[in-house]
Amino acid sequence: MCLVVAGACTNPLGRQYEYDEQTYLNVDGSATVMLSASVPALVALRGLPFDSAPGARLDTEMVRRVFEDAGCDVERASQPWRRSGRRFVQVRLNVPDVRQAAACGPLAWSSYVFETTDEDILYRQTLGAPAAGAVPGVNWNGREIVAFKLHLPSKVRDHNVRRLEDGEPGALERGNILTWEQWLRDRRAGVPLVMEVRTDAQSILHQTMYLFAGAFAAAVVVLVLLIWLTIRRGRTRLRDLSR
């Protein structure tokens with residue numbers, strides 16, 4: 001439900017982003033992208049044909065149609081909500097191959113690298129310039145933040161996340177999540193942003209399944225051994241009693 005009604009599920013103690021692009025990456029290179037943003041940000045950064053006026057008409061079907069017309073595979077579009085006097089929307093996009101994600105217009109400001117070996121996966125996303133759409137009269141105060149979150153399926157070996165405020169190395173969040181942040185004003189100015197991470201080639205789920213299978217097999221072996229020892233002892237006692 002939080003994926004659909006994002007405005008109602010916002011953590012008041014956490015970051016509030018003007019533009020939030022979350023990529024759920026799979027080990028085969030497919031992905032789901034969850035894009036949550038204000039309408040003015042979508043116009044200013046991606047040039048989408050929305051009316052950024054606070055009172056302009058906007059509904060789920062309109063949002064879906066705009067993204068589909070831009071070449072995106074839309075799984076779901078949320079009902080718009082308001083924050084700080086601006087309307088926000090959320091769209092869930094299916095991406096069969098992240099290397100071809102730019103075929104979806106709103107994602108086309110990024111170039112993607114996805115390289116695999118038997119041991120690891122390299123993912124790199126390089127953001128280019130925004131579309132620079134016109135958004136007159138928006139009540140931005142200069143403290144708005146854009147975010148790019150990467151949800152990874154495997155153990156992270158290396159990454160280049162830096163904290164927004166001081167540029168120090170950032171940390172891996174719970175659930176193998178990495179977040180790159182940028183000031184909205186810098187993103188509108190086209191300040192470069194490169195996101196790079198290297199992970200294990202095998203997903204955490206598969207590793208867990210292998211561990212579980214190994215533990216189960218070991219438990220079966222122990223159980224069989226105990227049964228065998230019990231039977232052997234029983235036979236020994238019967239032979240002793242029969243003498």
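How many of the eight residues of strand β2 (residues 31–38) are buried? The close-ups below start there and then move on to the neighbouring topics; please keep in mind that this is a predicted model.

**View 1. Strand β2 is mostly covered.** Spanning residues 31–38, the strand has eight of its eight residues buried. Follow the side chains along β2 and you will find that Ala31, Val33, Leu35 and Ala37 point one way. Thr32, Met34, Ser36 and Ser38 point the other way, and these are buried as well.

**View 2. Strands β1 and β2 form a hairpin.** Here β1 (residues 19–25) pairs with β2 in the antiparallel sense, over seven bridges. To get your bearings, look for leucine 25, which stands opposite alanine 31 in β2. Five residues lie between the two strands.

View 3. A handy landmark is alanine 37, whose bridge partner in β5 is valine 89.

**View 4. The second largest pocket holds about 170 Å³ of space.** Its lining includes Arg15, Gln16 and Glu18, and also Arg83, Ser84 and Arg86. Asn141, Arg143, Glu144 and Ile145 line this pocket too, together with Glu165 and Trp183. By residue class, the lining divides into seven charged, three polar and two nonpolar residues.

Conventions. Residues numbered from 1 in each chain as written. Predicted model: local features only at pLDDT ≥ 70, side-chain atom pairs only at ≥ 80, totals over all residues. Heavy atoms only, no water. Buried < 20%, exposed > 50% of the residue type's maximum accessible area, 1.4 Å probe, protein only. Helix = DSSP H or I, 4+ residues; strand = E, 2+ residues; numbered from the N terminus. Pairing = 2+ DSSP bridges. 1 Å grid on protein atoms, 1.4 Å probe; cavity = no way out; pocket = protein on both sides within 12 Å on 5 of 7 lines; lining within 4 Å. Points joined across faces, edges and corners; volume = space filled by probe spheres on them. Nonpolar A, V, L, I, M, F, W, Y, C, P; charged D, E, K, R; others polar.
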